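Thank you for letting me take a few minutes of the meeting.

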Amino acid sequence: MEYDVNELLARCDASGCYDIDKIKRAYYLAEELHRGQKRISGEDYIIHPIAVATIVYDCQLDTDSICAAFLHDTVEDCSDRVTLDDVRRQFGNDVADIVDGVTKLNIPFETKQEASIRNLRKMFLAMSKDLRVIFVKLADRLHNMRTLDVRSPEKQRSIALETMHVYAPLAHRIGMQRIKLELETLALSYLDPIGYAEIQKDTEKRYGESKDFLTQATKMVAQSLDSYGVHYRLEGRVKSTYSIYKKMYNQSKSFDEIYDFYALRVLVDTELDCYTVLGIIHEKFNSVPGRFKDYISTPKQNLYRSLHTTVIGSGGIPFEVQIRTWEMHSVAEYGLAAHWKYKSGERATHGLDEKLRWIRSLVESDNDGGDPDEFFNSLKIDLFEDEIFVFTPKGDVINLPARSTPVDFAYAIHSGVGNKMVGAKVNGNIVPIDTELQTGQIVEVLTNPNSKGPSRDWLTYVRSSEARNKIRMFFKKEMREENIQLGKQEIDREFKRYGVRYTEAQRDKIMQSLASRMGFAEGDDLYNSIGFGGMDVVKLGTKLKEEFNRLVVPEQEPAPVKPDIVDRPAREDRKNKKSSESVIVDNVEGCAVKFAKCCSPLPGDNIIGFITKGYGISIHKYDCINVQNGLKREEDRDRWVTASWTARAERRALGGFEIHLNIFASYTPSIIADVSILLRDMKVEITSVATKESGDNIVLNFGIRCSNTDHANTIIGALRKIKGVYEITRGNQ
Ligand code: MN
């Protein structure tokens, strides 16, 4: 495609709507700055800004947009010779802001996650306070797509993918339909060259000789309608290659089944006119059987209303005719908001979709009679006054409420990250954690596994309900009484579903028994867990029924009096009691946990939980070899859960945790005694001793009880000083 700058300038001049001197100044400056630079194709670089300016002109944008199009790559590519301030001085704020916006949107696109792509699209809008940024950016991308053939196959693919995922949907949302279709079709030609070529060939074969078909058909329909004196507007379109592709692949249709390759739309004043027009069209043309649909009498679910029919035009070529009133059209194009707008005559201002619909209506309206300045000023609108978009260090985009802080960000990543947060970096600099984040910043959370958890005053400045809820969850243990009551109500509700009768005492007995089965210290702990939502009552269903049958049913049936064998005192040993109190699993305290023998974690150790089949959650040290191997198993991935120590565990675990020490030493006759005496002197309880000799060396395995990591390290430090000891590790029996 040839782009002729003199022709473009002449057209601008002739139309009389542009500040031609300003446009020329922009062109001359761009030409001077880019002089000597080449595109990858070998052409002079200035070809590209000329092309972008031409596309922008064709979209009927204003002087400043055309100037910005000429200058859009100068600040980035010629930074040694021109700055944004130079542009601002010479061309004013609007041109400078558009150039700046287009430059900032040169974001490398790495992510493949759907949610992140969605956020990326929104972020593009958020970063363009002036919609003209998006228009120029789309024109830039369109020209790059048109000239993509000179790039490497890898680049072609990634740029085409980005175009399909980010740019085409954006063009669609702001109503640049023609650009959207061209972007999609170009992207398709790189993403599926074979499918694309097939459709091109079929189209050529079938419609190649009827290039003027649409013009002819439009003329014929217009003539018939004119002769009946109907007031109407006619629009025609050719289906794009990508739309055909989607229809063929998504609905598995063959090319011959595409009846709406050509389509005409007739817009009329009243519903009655719709049927009148339908009658005229069916009289004039033969219709294709089975293709008539009356969505006026039976609207689609999304309230779409219209008449559809397919008729045969000259040369036996079918084309679809859609007939609808202006109001139906408005709803079809802009959705429900338009319906409401149509009725009330007001403009919707809330919500992104409404705003975008409104922009589309601006873009698509002919804008005749209006003041062009007012029109372009109306494109300066903050689409996301309530939201911001920031990056993770990996480049994923996170969407947060406006004025969010790094704390909100941390909890948006994961509650485990939020709870262990100790600081944050924004764009590489450490900042206070209540700093208000801005769209486009890169945010990194600093965590410390030994962090005691969130602070209550975080609640005063977090903005997202997600962060608020997760922090509250962390503090929920202080609402124990309330939670126990809630838990009791939940259980009553569950029993009600079974339609059984029981007394409060029986219910508490069931829960007591269930609690000890599940490793809770007492029934109230189980109620508490249900109350704050840590335990799903529905998942308890089977066990509840079992306990009910075992404990309550025998009492209700008078006959055989069975001894109550279940109501063991919650003896269940002090280890279990401790374990359920000392660990928070996936932010839930009070789960049944046991400590893995392979690594015997201590309060203070970095830990992780694994959901076992039938024995609750087993807690490992994070650096346990079984964890490192286990995390690699794809099929078990869901079974790993975050775990952390409660403050209580760290405070009160005095001598409560059994660990094993492997003491490697040179053999001396007194080595076992030396170790035992030292442990006794340090008041450390020994639970087991095993030894293994090999040559001159000996490995002692001592089971001991200690309180936390610090305690263990102190013990290990002391043992190291014993003569002959050269290495000590924590490990299994
Ligand atoms: Mn460019």
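If we take the contacts in the protein chain with a separation of 6 or more, 66% of them are accounted for by residues 24 or more positions apart. Please keep in mind throughout that this is a predicted model. The protein chain has 733 residues, of which 49% count as buried, and it contains 31 helices and 21 strands.

Let me begin with helices that pack against one another. Two packed helices are described by the angle between their axes and the distance between the axes. Helix α4, residues 63–71, packs with helix α6, residues 84–104, at an angle of about 90°, and their axes are 9 Å apart. Because angles from 65 to 115 degrees count as roughly perpendicular, α4 is roughly perpendicular to α6. On the α4 side the contact is made by D64, S65, C67, A68 and L71, while α6 brings V87, F91, D94, V95, I98 and V99. Sorted by class, the contact of α4 with α6 has eight nonpolar residues, one polar and two charged.

Now I would like to turn to aromatic rings. How many aromatic pairs does a search of the whole structure find? The search finds 17 of them, and I will go through two. In one of these, the rings of F495 and F548 have their centres 5.7 Å apart and their planes at 45°, so the pair is tilted. Since F495 lies in helix α23, residues 480–498, and F548 in helix α26, residues 541–556, the pair ties together parts that are 53 residues apart in sequence. Is F495 buried or exposed? F495 counts as buried, because its relative accessibility is 0%, and F548 is buried too, with a relative accessible area of 6%.

F595 counts as buried at 17% relative accessibility, and W645 is buried with a relative accessible area of 7%. Ring pairs can also join into a group, as with F213, F261, Y262, F285 and F319, which are linked into a cluster.

T310 is buried, with a relative accessible area of 0%. Which residue does the side chain of T310 reach with a polar contact? The partner is the side chain of R291, at 3.1 Å. Leaving aside neighbours within four places in sequence, T310 is in contact with Y259, N286, S287, V288, R291, P318, F319 and E320, and F319 belongs to the ring cluster I mentioned.

I659 lies in strand β18, residues 657–666, and it counts as buried because its relative accessibility is 1%. The C-alpha atoms of I659 and A712 are separated by 8.7 Å, although these residues are 53 residues apart along the chain. Beyond neighbours within four places in sequence, I659 is in contact with S600, L602, F702, G703, I704, C706, A712 and R730.

A690, by contrast, is found in strand β19, residues 686–694, and is partly exposed, with a relative accessible area of 39%. Where along the chain do we find the residues that A690 touches, if we leave aside its neighbours within four places in sequence? They are V699, L700 and N701. For N701, 11 residues away along the chain, the C-alpha atom is separated from that of A690 by 5.0 Å.

Notes. Residues numbered from 1 in each chain as written. Predicted model: local features only at pLDDT ≥ 70, side-chain atom pairs only at ≥ 80, totals over all residues. Heavy atoms only, no water. Buried < 20%, exposed > 50% of the residue type's maximum accessible area, 1.4 Å probe, protein only. Polar contact = N/O pair within 3.5 Å; in protein donor to acceptor, adjacent residues only side chain to side chain. Contact = heavy atoms within 4.5 Å. Phe/Tyr/Trp six-rings, centres within 6.5 Å; stacked < 30°, edge-to-face > 60°. Helix = DSSP H or I, 4+ residues; strand = E, 2+ residues; numbered from the N terminus. Axes fitted to C-alpha atoms, helices over the stretch in contact; angles between N-to-C directions. Parallel < 35°, antiparallel > 145°, perpendicular 65-115°, else oblique. Nonpolar A, V, L, I, M, F, W, Y, C, P; charged D, E, K, R; others polar.
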